[in-house]
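I wanted to know how the ligands sit in this structure, and I noted each thing as I looked it up.

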Amino acid sequence: MSCSTLNSYLPKLWTPPRSRSRPPRTAITKVFAQPPILAVLSDPHVLRLAETLEDSIASTSSAFPPPPLQKLRDISSQSLLSTPWPSRKDEPFRFTDTSFIKNSDVQPVNPLSTQSLSSLGVLAEALLPSLAIIDGYLVDSLSELPELPDGVFVGALSRLNSEDIMERVSKYVSSFQGDLFWSLNGVGAPDVIVVYVPEGCKVESPLHLRFFSLNGTDKDSKTLPISNPRVLVLVEKGGEISIVEEYKGGDRNDVCYWTNSVMEIVLGDGAKVSHSYIQEQSFGAAHVKWTSVCQECTSIYELTEVSTGGKLSRHNVHVQQVGPDTVTELSTFHLAIGDQLQDLHSKLVLDHPRGFSRQLHKCIVAHSLGQAVFDGNVQVNREAQQTDAGQLTRSLLLEPRATVNVKPNLQIIADDVKCSHGAAISDLEENQLFYFRARGIDIEAARKALIFSFAAEVVERFPDSAVRKRVESLIRRLLDPSLPSREKE
Amino acid sequence: MALFTPSFSFKISASSSPRRCRFVKARRSFTLRAAVAVESPSFSSADRDGAPKLLLEVKDLSAVIAESKQPILKGVNLTVHEGEVHAVMGKNGSGKSTFAKVLVGHPDYEITGGSITYKGQDLLEMEPEERALAGLFMSFQSPVEIPGVSNIDFLNMAYNARRRKLGLPELGPIEFYGYVAPKLEIVNMKIDFLNRNVNEGFSGGERKRNEILQLAVLGAELSILDEIDSGLDVDALRDVAKAVNGLLTPNNSVLMITHYLRLLEFIKPTYIHIMENGRIVKTGDISIAEILEREGYKAISNT
Ligand SMILES: Nc1ncnc2c1ncn2[C@@H]1O[C@H](COP(=O)(O)OP(=O)(O)OP(=O)(O)O)[C@@H](O)[C@H]1O
Ligand SMILES: [Mg+2]
């Protein structure tokens, strides 16, 4: 069993994203219209991929995209000019090997192949109102919105008629800069799904966004179909919404594809977003996901995540508190039952007084080739006095050679703060196991119960009881392969 | 196996003798018949003269701490017949809890000599869960917390393991709730204890009650009770002792560890053993405990 725990309080480890500090001026293709000047910084592999994505977008979607979408594409392609493919030498990818994606022939999914959906077994369960996003495309015929209050907009940006909302969206689309994957999504996203909640509006029923990846290739194929779904959630002052974001593959659990997804969430003063995120992709898939959150004063953002799928799964969470008295709660659980990598990179920036944050990250690695990575950065800056920030991570390694790389790090510059963090890596408790056995419960059942209880601490935080039940049975099924492979509800 | 017998109306009177089996036997025997028929294949029926059957025989048992190989038990001898109540007393650190844990197969200890026979079987050959299913129950001195597992789920799992062993259908959560809810009264626990996680945040007294609740739900032929009286207030002690008495039948036996006479006044022992440095150095009746209470260990020490 190998593991490494790194604790770092050194602010110098953090360097600003390169793309921001250096305005890109390079270009090679028709889109990148200027001659290359800083060719050193351009990664030919990245440029080729960007070009493939742009060609695909040009051939499939409207020649006149809405201005925010055009802006997103411009910003993203510019930043790709100076963004190399990440290597293990780059700190954010030190433990995360992305060569599986890099070595594949990445091909954008054609929307036509998505529209001719005949076997929709995976959708059968989607009986409750939800949006179906298949291979990155919102499919109207399979979507049904719950009843929404007046003024709420949920749909594709290209169908947005309200000028007011369009203006608001323009302001926020890509107001943040992520990494390579963020920008690739910006270039490849066919549209932006917009969720707009006007001022003071409380949306009662949860909004389900179901992302399916139905175009996949076999394990031996070099081709990797990519989809780039993108969502912007904009909740104005005092608004409230609960979002359930789910990712799934098709019926087969070993097909390969790459979902490269981005969700941006903006919360106005006093707004509240409860965000449930469930990732159960195929075990052959690459799943890269960004969640970028911007919180105005007194807003509340709660994320509950369970990720179990993917061969390579990476979730980047970036939360920025831009006003005082904000509340952020992140509860995440990652499970690697196979030859998988589950990665959470979170960054929480507290810049204003009286911020409150709680982060709990748990992971289980139940396979000798499985790996979990956690990099949890919390930055408490000078103005963020009386901040209360807590972070706790616990990892359970159930097999010899199972690996976890944990790097919790708090950077505290303000002086009047309450911050705590903890990291523990363990096997199951011998004494707890014995307690079960002393009551006649066999060791296998005892192990399962203890493992399940480890996950339960996160799972029980899903606000929606139906979601909670489904995730519970998903985890039970994964930990106990003798159960039927698809749960009946 | 004697699944728990459902009557708690049985009151102990102050004058009940240690062999209280006689006057409850007739009333209780019918509840046991079904269970006895399923269990104990290697065990013949009671002797004709009514002499109690042998239940547990420990011979020259020695054990070390598995990790450090430090010897703790150094030749323990003890025989328990059906229906007997044994008390083990002794100074802190003399090995009482270790003895109890070795009986139920705790992995912290390694047996280095001697034998344990339970109902004619070699107990040392059995896994902890097999021992439990064969009717051995231990109430722990300090039961462990299990966050994330609710009390009712835990009890349900344990109860179903027992039902499976008896060839009976398992109980679903709702049926089980119906079965377990009335049992809470026995130990004076509120119903919401079922939804709390096993022992998590329980007070000392609540943990003891919870152990006895498990005993009430699961039943046992030999209950090993390690200091169920410590940390209990007077009323709680009475509750717990009453519960244990209510669970006793003429055929099942108790091995209890205690430091105080008080518990022995509620649950009358047939024998009292004094453990010292990993051995039982003296065996007698209640009078030993009385001397102990008055004069301390030096009065009965054989050194
Ligand atoms: N798992 C263990 N690891 C280390 N030492 C142990 C372990 N179990 C028992 N011991 C030691 O063995 C000795 C006997 O312990 P035990 O718990 O059996 O005593 P006891 O008679 O029950 O005492 P008390 O009356 O205080 O409960 C003690 O010195 C104790 O520290
Ligand atoms: Mg003890």
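**Around the ligands**

I began with ligand 1 and found a backbone N or O atom of Ser94(B) lying 3.2 Å from one of its oxygen atoms, a polar contact in the sense of a pair of N or O atoms within 3.5 Å. I kept in mind that this is a predicted model, in which local features need pLDDT of at least 70, side-chain atom pairs count only at pLDDT 80 or more, and totals for chains, interfaces and linings use all residues. Residues are numbered from 1 along each chain as its sequence is written, chains are lettered from A and ligands numbered from 1 in the order in which they are written, and side-chain values use heavy atoms, without hydrogens and water.

I then looked at side chains: an N or O atom of Asn92(B) is 3.0 Å from an oxygen atom of ligand 1, while one in Asp108(B) is 3.5 Å from a nitrogen atom of the ligand.

Which residues does the magnesium ion (ligand 2) have as protein donors? I found Ser97(B), through OG, and Gln141(B), through OE1, lying 1.9 to 2.1 Å from the ion; donors are N, O and S atoms within 2.8 Å of the metal (3.2 Å for Na, K and Ca), and sites may look incomplete, since water is not among the atoms. Ser97(B) belongs to helix H2 of chain B and Gln141(B) to the loop between strands E6 (136–139) and E7 (146–150), 44 residues apart; helices (H or I, at least four residues) and strands (E, at least two) are DSSP runs, numbered from the N terminus.

Notes: A polar contact is a pair of N or O atoms within 3.5 Å; within protein, one must be able to donate a hydrogen and the other to accept it, and residues adjacent in sequence count only if both atoms are side-chain atoms.
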